[in-house]
Structure formats: structure tokens, C-alpha cells
Amino acid sequence: MPQSIVVVDYGSQYSRLITRRLRELQVHSVIVPANATVERIVALDPAAVILSGGPNSVNDAGAPTLTPGLLDLGLPVLGVCYGMQLLAKELGGAVGGGGSGEYGKAALRNYSGELFAGVEGDFVAWMSHGDAVVRLPAGFTAVAESSSGVTAAMEDPERRLYGLQFHPEVNHTPKGMAVLERFITLAGAPRDWTPESIVEAAVANVRERVGKERVLLGISGGVDSTTLGLLLHQAIGEQLVAVFVDHGLLRLGEAEEVERALRGLGVNVTVVDASERFVSALAGVTDPEAKRKVIGREFIEVFTAEARRQQAGGAIRFLAQGTLYPDVIESAGVPGAANIKSHHNVGGLPADLQFELVEPFRELFKDEVREIAERLGLAPHLRDRHPFPGPGLAVRIIGEVTEERLDVLRRVDDVFISALREFDLYHDTWQALAVLTPLRSVGVMGDGRTYANTVALRAVSSIDGMTADWTRLPHEFLATVANRIVNAVPEVNRVVYDITSKPPATIEWE
């Protein structure tokens with residue numbers, strides 16, 4: 001494992017973003033919960049530590065505290081928001097109510113010191129705090145203040161201890177990356193976290209763990225499992241047993257496209273066409289959670305049957321899964337984390353098919369997997385695809401899933417996504433989708449009345465899907481897409497656009 005900057009998570013919604021920003025600066029970074037012991041932190045070979053923000057007041061009873069012994073390690077430490085206040089309190093300063101607090105953009109005044117070296121001009125920072133440091137600890141100097149007079153940054157260069165009352169990791173702090181980069185320099189953290197080094201390390205780790213054994217991989221068609229197939233092929237070649245279960249709930253031409261891409265890059269993938277089985281099993285099922293359970297059950301049964309068939313040709317010791325770092329964080333119980341969705345991984349296999357897990361991506365974020373995909377030669381339109389739910393189009397059809405309704409939605413989705421690419425808007429949105437609603441309405445086509453389906457289009461902007469805002473697609477574009485849909489898909493005569501954020505809505509409709 002490379003040397004890391006360890007982010008101690010005190011429950012901030014931005015903790016993952018801090019970690020991701022550090023990796024963008026080519027520094028390996030990991031998250032640990034607030035209750036992590038100093039031994040656990042040391043085991044990660046830290047070059048420095050960042051204390052994240054959080055929703056608590058450091059003066060609250062039961063509020064998260066600083067890990068005992070952490071400051072005794074002599075490591076560079078940067079406290080952000082709650083982390084700065086915690087650092088101040090721990091070292092003998094004082095934290096109190098900051099009046100009405102500061103929320104949103106604020107201009108910094110009189111900024112100076114080591115953290116701001118090389119930064120020039122106006123500095124706009126994103127604030128989100130009620131309390132503030134009202135007395136600095138011994139040895140610290142205030143090196144920035146907000147327009148309301150609150151200490152916005154402090155530092156003790158001799159001990160390499162720093163604090164920021166604002167969030168440098170968010171886009172609303174335009175020069176925040178420069179501050180983070182400066183901290184990396186002051187910490188002497190190695191900047192060797194690159195796609196090339198990630199691939200080399202992952203290949204080496206797989207070879208060491210697997211040896212000469214065979215590895216089973218279930219490919220869903222998404223970028224994670226497809227990229228994992230390419231990585232494993234590079235690492236162990238013919239020892240990889242890649243299985244693609246086509247459940248018939250994918251987008252137009254997607255199954256054929258994924259198979260063609262994998263085979264074109266040398267991966268010998270077995271395709272199991274179970275589309276009729278899945279659609280039959282979904283007959284009459286309308287409840288969203290019931291759909292997911294049916295699909296999960298059928299997938300396990302199909303995958304188990306194929307695994308047994310493959311085992312007959314030689315023992316398989318390992319099962320590869322595309323677990324990502326956010327899944328690991330959530331499993332570790334980091335404050336504020338959500339539960340992992342059950343369809344992320346292959347679970348529930350019979351007792352006699354117990355495999356040892358291989359998870360080469362468990363330290364990676366989604367966009368890092370995309371960088372690996374590029375390195376391994378996956379075509380741009382496949383590696384840059386938007387997230388797609390495990391249950392596929394079944395959760396984008398409100399009501400019963402039938403072959404006819406799937407056909408309608410596939411064509412609508414194809415028109416929408418193709419237009420986003422044509423108008424160079426595909427990468428302006430984090431995820432775009434079409435939903436087939438149960439609504440039918442009266443329309444006019446030519447000289448006749450119609451009574452046809454209503455479809456909803458949705459596009460959202462997000463960082464990791466935890467929160468999302470609806471994408472402001474140009475009105476002219478939406479008008480063009482709606483016109484194309486009703487002309488290309490005669491079963492549809494009405495198109496609506498979803499302008500709800502998450503929360504209160506979710507990204508998917510089911």
C-alpha cells in the first residue's frame with residue numbers, strides 16, 4: 001500500500017470529496033471513522049492526517065473527539081471546519097458560538113502564511129459553521145479571517161499543524177485545490193497515485209493472491225465489472241472465467257456491445273441469455289422492491305447454474321467482485337453513510353459454492369475505475385457511460401415489466417442518450433435516463449386522435465449520487481428530443497422532464 005494522507009471522518013458530507021480531491025492531486029488517501037484508533041491510522045502508513053468537518057459542536061456532550069495519541073505521532077495535521085475547532089480545543093484554545101454562523105460563500109481577508117503561499121488575488125471560500133475558534137491555542141497564528149471577522153485559518157508551522165474554517169475541497173472554493181496542494185507539499189506526501197501505478201499494483205496484487213487458481217467473474221455490462229474483466233485478463237489470462245448474464249433488462253444493443261468489446265480486447269466471456277426467464281419471472285410484479293428481489297433471486301439461480309457448469313471443467317477457488325471504495329466506506333460504518341444496495345455484488349450463492357473473494361477495486365472511486373478502463377483500452381463510449389442500475393430497465397418501468405414495454409423504453413432511451421451525445425451534452429450530466437410511466441393520455445397525430453404512453457426524461461448533476469440536482473438542459477434541446485421520441489416511438493405521445501432534486505426525490509423513479 002502506498003503512503004497515504006488519512007482523512008478522519010467526523011460525519012461531514014464532504015469527507016469523501018476531500019479524499020477524492022487528494023487523489024486528483026496524485027496522493028493516495030483513505031478515510032477512517034472518527035473512532036479509529038491511533039494504531040489503525042499508523043497501519044495505513046500516513047504521511048499526514050486531515051480532520052474532516054462534521055455536523056456537531058465540539059462543545060456538545062458526546063461529540064466526536066480527537067483520537068488519543070494522534071498528535072503525538074508528529075505528523076502534519078490539517079483540520080477542516082469541525083476538524084479545525086477540534087484541533088483548537090484539544091490544544092488549549094477555545095471554541096464558541098459564532099453569532100449566527102457563516103453559511104455559503106465568504107470573502108477571506110488578510111490571508112497569509114504557509115498554507116496560502118503562492119495564492120494571489122481575491123479568495124472566495126465556502127463556509128458552513130455555527131461555532132468558531134474564539135481563542136487560538138498557544139503557538140498558533142491566525143492567517144486568514146472572514147469578512148465577518150471570524151478566524152478562517154490558523155497554523156503552527158513549527159509543529160506542522162494547520163486549520164481551515166472553510167471547505168477547500170468544494171468547487172465553491174475556487175482556489176481551495178491550491179491550498180490542499182500546498183498542504184501536500186508541506187507534508188512531503190508522495191504524489192505517485194496515477195492510473196499507471198494503480199494498474200501495476202492491482203495486477204501484481206491479483207497475481208500474488210490468485211497464483212495459478214481460476215477466478216470466476218460475473219459481468220453485468222456496467223463499467224466496473226467490464227473494466228474488472230479487462231484487468232483480470234491482463235493479470236491472469238485464461239485463468240479468468242468471465243460470465244455475462246444477459247437478463248434482458250439492458251439498454252438497446254447493450255449486451256451485444258459489451259460482449260463485442262470484451263472479446264475484442266481478448267477476454268473470453270461466456271454469455272448466458274436468460275432474458276426470457278427474467279421477463280417471465282417479472283410477469284404481474286409491480287412493486288419496485290418486489291422487482292428487485294425477483295431479479296436478484298433469478299440472477300443467483302442463473303449464475304449458480306453456470307458456476308457449477310464451469311466448475312465441472314476445473315475447480316474455481318476465487319470469485320471476483322467490483323466492490324468500490326464507497327462500498328467499503330459504507331460497510332465500515334462511517335458516520336452518515338448509507339447502506340450498500342444489495343445488487344452491487346454477487347451474494348447468496350449456495351454453501352457448496354463458497355469462493356474466496358478477490359476485489360481489486362476496493363480502494364478505488366468510480367472515476368478512478370474509468371481512468372483504469374482508459375488505460376486498458378476500453379472504448380470511450382463504454383468507459384464513460386452513466387451509472388446504470390443493477391436491475392436494469394425494470395426499475396425504469398413503472399408497473400409491470402413486459403417485453404412490449406421494454407421495447408418501448410429501449411427505443412425512447414436510445415433517442416434521448418443518442419441526442420445527448422450528438423449535442424455534446426452527455427458529459428454535462430452525471431446520469432440521464434428515461435422512465436416509462438403507467439400514464440396514457442390523449443394526443444393528436446396527423447388527423448387522428450391517439451391514446452398512448454407518457455414517458456419522463458430525467459438528467460441529474462452529482463458527484464457521487466448521494467445528492468443530486470436536476471440538470472438544466474437547454475429548452476431547445478428538450479424540444480428536439482421530445483419531437484424525435486414521438487416520431488420514432490409511435491407508442492408514445494407525451495414527454496415530460498423531471499425537475500426534482502435528490503432529496504426529496506431519488507435519481508431513479510423506483
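Analyst: Helices (H or I, at least four residues) and strands (E, at least two) are DSSP runs, numbered from the N terminus. The model is predicted, so local features need pLDDT of at least 70 and side-chain atom pairs 80 or more, while totals for chains, interfaces and linings use all residues. Residues are numbered from 1 along each chain, and side-chain values use heavy atoms, without hydrogens and water.

User: Which helix gives the largest share of the lining of the second largest pocket?

Analyst: α5 does, with 7 residues. That helix spans 195-210, and β15 (356-358) also supplies at least two lining residues.

User: Why does Glu298 count as buried?

Analyst: Buried means under 20% relative accessible area (exposed is over 50%, partly exposed in between; 1.4 Å probe, protein chains only). Glu298 has 7% relative accessibility, so it counts as buried. Glu298 lies in helix α9, residues 288-311.

User: What joins the side chains of Glu298 and Arg297?

Analyst: A polar contact of 2.9 Å does. The cut-off is a pair of N or O atoms within 3.5 Å, one able to donate a hydrogen and the other to accept it; residues adjacent in sequence count only if both atoms are side-chain atoms.
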